[in-house]
Amino acid sequence: MSKQKQQAISPLKNFFAGGFGGVCLVAAGHPLDTIKVRLQTQAKPKPGEKLIYAGTIDCFKKTLAKEGFKGLYKGMAAPIIGVTPMFAVCFLGFGMGKKFQQKTPDDILTYPQLFAAGMLSGVFTTAIMAPGERIKCLLQIQAATGEVKYSGPMDCVKQLYKQSGIRGIYRGTALTLMRDVPASGMYFTSYEWLKNVLTPEGKSHNELSIPSVLFAGGMAGIFNWAVAIPADVLKSRYQTAPDGKYPNGFRDVLRELIREEGVGSLYKGFNAVMLRAFPANAACFLGFEMAMKFFNWLAPDL
């Protein structure tokens, strides 16, 4: 499957390079993430009223007009704090998942094995991802509604903890798992597959050009989100709903969405997600690959 001799997997290098990739991802993708959450959580209009945002472009224009460029980067502190360790742990989990399945460091893994390693990384990241996502969504929608309940990420954590303890902070964890475990499998498998496809015969993955890495990373992001969007819509709704609105968890959210807005509502924010997925994940994998090259140069034997 691969055209190169495998380099021994270094969990430590994966960890730090993944963290750097995460920072690149947030910087490139946060404005469209803000738009995605606002589109997903906007209320259904009353009879005779219009939706607040007609679509991705309209939301972008209104956010810029009302809040300026800064509005697009609302709530970015929480994902930077959460995403750096999360991507570090994500790439660490993928590296460990690959290592567990290798009998020798030279073993070349099959695509199902890569998918399993990717799913393990999804389990790893949820512990960090769930609270970070909950805080991010609450800060993003408060900016859209104009009602200031939280002064920032730490204040949000304090209030949630005071209100409903650790469970309040981790609300939506099952949905985050449902979203991230299969999506992470798809994410890494598609990236490895595209790297194999784009690597010229007789060359190694390390010699891939920057445009090839950007393309493979961007497409991996699109494959990831194609799997993740329905669970992501349910999660955004559930995590931003008032306490007690959905006593049976995501089943109630799913019933309400399908009853009121049809199955198509599970793909709300699709354009914003896909527009963001390509550049954000292209930036992430490029950051990861460049950091890996740097670490391999700095400490080749680590």
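How much of residues 76–96 is helix, and how far apart are the end C-alpha atoms? I opened the predicted model with that in mind. I found 95% helix and 0% strand over this span, with its end C-alpha atoms 29 Å apart.

**Entry: transmembrane records.** I checked where the span comes from: the unreviewed UniProt entry lists "transmembrane region" at residues 12–32, 76–96 and 108–130. I then looked up residues 108–130, which came out as 87% helix and 0% strand, with 33 Å between the end C-alpha atoms.

**Entry: repeats.** The unreviewed UniProt entry also gives "repeat: Solcar" for residues 9–100, 109–197 and 208–294. I looked at two of these. Residues 9–100 are 78% helix and 0% strand, and the end C-alpha atoms sit 11 Å apart. For residues 208–294 I again read 78% helix and 0% strand, with the ends 15 Å apart by C-alpha.

**Entry: the nonpolar core.** Next I went inside. The largest nonpolar core holds 28 residues, and Phe87, Phe91, Tyr187, Phe188 and Phe285 have the most contacts within it. Helices giving it two or more residues are H1 (11–41), H3 (77–101), H4 (111–145), H6 (173–198), H7 (210–240) and H9 (270–298). H9 supplies the largest share, seven residues.

**Entry: a look at Phe188.** Which residues does Phe188 touch beyond its neighbours within four places in sequence? My list reads Cys90, Phe91, Phe94, Gly118, Ser121 and Phe285.

Notes. Residues are numbered from 1 along each chain as its sequence is written. This is a predicted model: local features need pLDDT of at least 70, side-chain atom pairs count only at pLDDT 80 or more; totals for chains, interfaces and linings use all residues. Side-chain values use heavy atoms; hydrogens and water are left out. UniProt positions are given in the numbering used here, feature names are shortened, and annotations may be inferred rather than shown by experiment. Helices (H or I, at least four residues) and strands (E, at least two) are DSSP runs, numbered from the N terminus. A nonpolar core is a set of buried Ala, Val, Leu, Ile, Met, Phe, Trp, Tyr and Cys residues joined through side-chain atoms within 4.5 Å. Buried means under 20% relative accessible area, exposed over 50%, partly exposed in between (1.4 Å probe, protein chains only). Contact means heavy atoms within 4.5 Å.
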